[in-house]
Amino acid sequence: MKQYKKQDIGKLSDLNQHVFAPEGSGIRLEGKVFLKDLLGLTSIEVSVNKDEPGTGMPFVHRHKNNEETYIFIGGEGEMMIDEERFPVSEGSIIRVQPEARRTWRNTGDQALYYIVVQAPANGLDTGSASDGALVKEKVPWS
């Protein structure tokens, strides 16, 4: 049995082929693909996102249980969390508690690319190297 699942979502520049449009919501976001179902994720939700110039999240929202980490990998934008507004760009990483109100937009003249990781707040037991275990096996390309 395979212990992984691989999925190709295409090039970042072609993310507009993915559309998030929950039935009955009236929401339609081009350039957003959730990975939970595609990869069979069981403890996190991850989305890969592209906002064209002049677009962004068209509503303010919060979460019930999940904190989010936003990892900006290209472009320029602005985020609002609660009453604060601040610029974001490649290399900006923001963690947001579930209760915080949030929205964002692309303020640049190029696409804004970002990855969002959601996980239950206070749900991480171990992290970084403390969860890893070395395997006594030679790396095949060394």
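Me: What makes the 14 residues of the largest nonpolar core a core?

Reply: In this predicted model, a nonpolar core is a set of buried nonpolar residues joined through side-chain atoms within 4.5 Å. The largest such set here has 14 residues, and those with the most contacts inside it are Tyr 70, Phe 72, Met 79, Ile 94 and Tyr 114. Strands 5 (66-74), 6 (76-81), 8 and 10 (112-120) each supply at least two of its residues, with strand 10 giving the largest share, three residues. Apart from this core lies another, of eight residues, including Ile 9, Leu 35, Val 48 and Ala 111.

Me: How do you know that Tyr 70 is buried?

Reply: Buried means under 20% relative accessible area. Tyr 70 has 0% relative accessibility, so Tyr 70 counts as buried. Phe 72 passes as well: its value is 1%, so it is also buried.

Me: Why is the pair of Tyr 70 and Phe 72 called stacked?

Reply: Two rings pair if their centres lie within 6.5 Å, and planes under 30 degrees apart count as stacked. Tyr 70 and Phe 72 are 6.5 Å apart, centre to centre, with 15 degrees between the planes, which makes the pair stacked. Both residues also belong to one aromatic cluster with Trp 104 and Tyr 114. Tyr 114, for its part, touches Tyr 70, Phe 72 and Trp 104, and its other contacts include Ser 47, Val 48 and Asn 49.

Me: What makes the pair of Phe 20 and Phe 34 edge-to-face?

Reply: Planes over 60 degrees apart count as edge-to-face. The ring planes of Phe 20 and Phe 34 stand at 70 degrees, with the centres 5.0 Å apart, so this pair is edge-to-face. It is one of five aromatic pairs in the structure. Phe 20 sits in strand 1 (residues 19-20) and Phe 34 in strand 3, 14 residues apart, so the pair links distant parts of the chain.

Me: Why does Phe 20 count as partly exposed?

Reply: Partly exposed lies between the buried limit of 20% and the exposed limit of 50%. Phe 20 has 25% relative accessibility and therefore counts as partly exposed. For Phe 34 the value is 26%, so the conclusion is partly exposed again.

Me: How do you know that strand 3 and strand 4 pair?

Reply: Pairing takes at least two bridges. Strand 3 and strand 4 (residues 45-51) have three, in the antiparallel sense; in one of them, Lys 32 has Asn 49 as its bridge partner.

Me: What makes strand 3 (32-34) an edge strand?

Reply: The open sheet has five strands in the order 3-4-10-5-8, with antiparallel pairing. Strand 3 and strand 8 (93-96) each have a single partner strand, so one side of each is left without a neighbour in the sheet.

Terms used:
Residues are numbered from 1 along each chain as its sequence is written. This is a predicted model: local features need pLDDT of at least 70, side-chain atom pairs count only at pLDDT 80 or more; totals for chains, interfaces and linings use all residues. Side-chain values use heavy atoms; hydrogens and water are left out. Helices (H or I, at least four residues) and strands (E, at least two) are DSSP runs, numbered from the N terminus. Rings of Phe, Tyr and Trp (its six-membered ring) pair if their centres lie within 6.5 Å; planes under 30 degrees apart count as stacked, over 60 as edge-to-face and the rest as tilted. Buried means under 20% relative accessible area, exposed over 50%, partly exposed in between (1.4 Å probe, protein chains only). Contact means heavy atoms within 4.5 Å. Lists of a residue's contacts leave out its neighbours within four places in sequence.
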